[in-house]
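Me: I have a model open and would like to go through its architecture. Could we start with how one of the helices is placed?
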Amino acid sequence: MILSHAKLEEMAMAVTDDFNRFFFGINPEEEKDSILPTMIDQFAKEYLDLQVSFAHLSSDGSVCGVTAYSDTQFILEEKGRIQTIPLREGEVVLDDSFIQPGQVKRLCGKRRFTLAHECAHQILFQMESEEIKSSCRKSYSPRKAYSLRDLKTREDWNEWQANVLGAAILMPQREISFVIRQWGKKSPFKNYQGRFTFSDQQVLDHLCQSFGASRSAMVIRLRELGYLEDHPSWEFCEPPKIRWA
């Protein structure tokens, strides 16, 4: 199943609207005076009915999360030692680095995006035909152990779709547009290879805080939505600050 970016945005809006009705009893058509960021933990556990747990998945941070569509095992190989982690159908396992002392706040945005990404995999799987779902479940035999790529997808495009859908669920287009209007921002953010003007940085920081997202994830999302332009670093020129006597 291959979906366009526009279709994934439609899906994200539909599921987040349904979640907000389910969890908050909110009608998305009603006018509001504040944003409604997606509570991704409740979305995963209470709306999608996924079991979320933590385990050591990698030492170098290369594996942030896994999910499976049938009972199976995830294989972890480090320093010549092999460890298998059991995975149940409908379970998401996040790396335990996200809950280590001193890391919870620092990695909050990354953890939330990882969970949204794994939720997207499960949503996309449920949209497959019964024939494909049945075939996929049979391939994940409990007697086998699978790598990260085997567990999450068979094709690169499915990873792309999970990234786009996960980002759109975590940072809904309607809510981002609402914040940008609130701040009275009429021109796109200008990204000078990671540098922003003071005014753009203020709005960007507010967006990251409001949606519990990392700066890198928010920059990508704003670019996807057409709210951000990329410029070479040499064009950067911060207006001088005025000091009053």
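Reply: This is a predicted model. Helix α3, residues 108-126, lies across β1, β2 and β5 and runs at about 20° to β2.

Me: In what order do the strands of that sheet come?
Reply: The order is β1-β5-β2, in an open sheet of three strands with mixed pairing. β1 (51-55) and β2 (65-67) are the edge strands, each pairing on one side only. From one strand to the next, the twist averages 20°.

Me: How many bridges join β1 to β5, and do the two run parallel or antiparallel?
Reply: Five bridges join them, and β1 and β5 (residues 91-95) run parallel. Within this pairing, S53 has V93 in β5 as its bridge partner.

Me: Turning to α8, which residues are buried there?
Reply: D200, Q201, V203, L204, L207, C208 and F211 are buried in α8. Viewed down the axis of α8, the buried residues fall within an arc of 165°, so they line one face of the helix.

Me: And what covers them?
Reply: The cover includes α3, α6 (156-170), α7 (173-182), β7 (189-192) and α9 (215-224).

Me: How far does α8 reach from end to end?
Reply: Its 14 residues, 198-211, reach 20 Å from the first C-alpha to the last, close to the 20 Å expected at 1.5 Å a residue. Just after α8, G212 takes a positive phi of about 60°.

Me: One last topic: where is S34 found?
Reply: S34 is in the loop between α1 (5-24) and α2 (40-47). S34 counts as partly exposed because its relative accessibility is 41%. Its C-alpha atom is separated by 8.2 Å from that of F178, 144 residues apart along the chain.

Methods
Residues numbered from 1 in each chain as written. Predicted model: local features only at pLDDT ≥ 70, side-chain atom pairs only at ≥ 80, totals over all residues. Heavy atoms only, no water. Helix = DSSP H or I, 4+ residues; strand = E, 2+ residues; numbered from the N terminus. Buried < 20%, exposed > 50% of the residue type's maximum accessible area, 1.4 Å probe, protein only. Pairing = 2+ DSSP bridges. Axes fitted to C-alpha atoms, helices over the stretch in contact; angles between N-to-C directions. Contact = heavy atoms within 4.5 Å. Expected span 1.5 Å × (residues − 1). Arc of directions from axis to C-beta.
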